[in-house]
Amino acid sequence: MTGRINEVLIHYFQKFGVDAQPVIEKNFSFIMLDVAETERDVIDQANGYTASQPAFADADPVVIKLTPVIKDLLSVLDEMKAYYDTRGYVDDDFAKGKQLHTKLLSANLAYETVATQYFTNLQKLGNERRLAELQKLKDLDQLIRYNALKFMIDAEATAIEMDEQGITAENVLKLDVTKFKAKYDIMTADLSALMTLSKDKKQIQKEGVNSFSIENYVGSATEVKAAASKIIERINKKEPVSDSDLQGQFLDTTDGTPENFNYQLSKAIERYNEMN
């Protein structure tokens, strides 16, 4: 949901807009992105987990509601992929393209309504579990693991701040830097503490963590902090993201964008999960 589906929707709406009637340029050219079948397997897999133990009262019912909504959305996206791949708009002067645009707006609204509820409930569940884990690590004097987890939590809070402000690459200069920097400063302090601890051989030995996995995580965490710094730099320079970058398929590699920050954060989470 936060990966390919999000990427496909952003790519489409940046081209056609979100109004009732699609914006169709005079010299039209467009490649419709799609969601691979291998990426869809997780939908039924996740839905199947709702009948398993342990039960999650905040998440399970929403996953059940979300499953058919995502499938409806993907069905519309598949229709659009076939239409634009075959250049159907040449045959019907965008008649079906306009119908599909209307269908997508409706399917996306239904999707966003349930998705918002899902992410809210999942965040609540995750926060409760991680805060308990954070306190446990602190009590056990597992300071490397403690600061590694704290950085991840606070980096996610930085991402959430941008999301709640509705900030994307397209409107990144509208970011409320004061609110953003409040989260950024905490994340930066976390990283500083983690970098110091990651070089403490006695602490590494005490916690029994693999020094190589710590090094990998710290490297990824550094990239996360740098990605946030580049957003601040872009705003200080009043430098909007170029049209070519906005229209491209790789915003997650464009410096100074929320998309790049989220991409770096996802890599850091992977490195955190590999720590042992």
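Modeller: Let us start with the largest nonpolar core, which has 42 residues, and in which Phe151, Phe180, Met187, Tyr217, Val224, Ile231 and Phe261 touch the most other members. At least two residues of this core come from each of helix 5 (95–139), helix 6 (143–164), helix 7 (177–197), helix 9 (211–236) and helix 11 (258–273). This is a predicted model, in which local features need pLDDT of at least 70 and side-chain atom pairs count only at pLDDT 80 or more, while totals for chains, interfaces and linings use all residues. Residues are numbered from 1 along each chain as its sequence is written, and side-chain values use heavy atoms, with hydrogens and water left out.

Biologist: What makes a set of residues a nonpolar core?

Modeller: The term stands for a set of buried Ala, Val, Leu, Ile, Met, Phe, Trp, Tyr and Cys residues joined through side-chain atoms within 4.5 Å. Buried in turn means under 20% relative accessible area, against over 50% for exposed and partly exposed in between, with a 1.4 Å probe and protein chains only. A second, separate core of 33 residues includes Leu73, Tyr83, Ala107 and Ala115.

Biologist: Which residues does Phe261 touch, if those up to four places away in sequence are not counted?

Modeller: With contact meaning heavy atoms within 4.5 Å, Phe261 touches Ala155, Thr158, Ala159, Met162, Met187, Val224, Ala227, Ala228 and Ile231.

Biologist: Why is helix 6 called roughly parallel to helix 9?

Modeller: The helices are DSSP runs of H or I with at least four residues, numbered from the N terminus, and their axes are lines fitted to C-alpha atoms over the stretch in contact, with angles from 0 to 180 degrees between N-to-C directions. The axes of helix 6 and helix 9 cross at roughly 25° and come within 11 Å. Angles under 35 degrees count as roughly parallel, over 145 as roughly antiparallel, 65 to 115 as roughly perpendicular and the rest as oblique, and therefore helix 6 is roughly parallel to helix 9. On the helix 6 side the contact includes Ile144, Phe151 and Met162, and on the helix 9 side it includes Ile214, Tyr217 and Ile231.

Biologist: What makes helix 6 roughly antiparallel to helix 11?

Modeller: Helix 6 and helix 11 pack at an angle of about 155°, with their axes 11 Å apart. That angle is why helix 6 counts as roughly antiparallel to helix 11. Among the residues that meet here are Leu149, Glu156 and Thr158 in helix 6, and Pro258, Asn262 and Tyr272 in helix 11.

**Loops**

Biologist: How do you know whether Gly256 is buried or exposed?

Modeller: Gly256 has a relative accessible area of 2%, and therefore it is buried. Gly256 is found in the loop between helix 10 and helix 11, and, leaving aside its neighbours within four places in sequence, it is in contact with Val172, Lys230, Ile231 and Arg234.

Biologist: And why does Lys238 count as buried or exposed?

Modeller: Lys238 has 65% relative accessibility, so it counts as exposed. Lys238 lies in the loop between helix 9 and helix 10 (243–247) and has a positive phi of about 50° although it is not a glycine. Arg87 also has a positive phi, of about 55°, without being a glycine, and is found in the loop between helix 3 and helix 4 (88–92).

Biologist: What kind of peptide bond joins Gln53 and Pro54?

Modeller: Gln53 and Pro54 are joined by a cis peptide bond, with omega about 0°, and Pro54 is found in the loop between helix 2 (37–49) and helix 3 (60–85).
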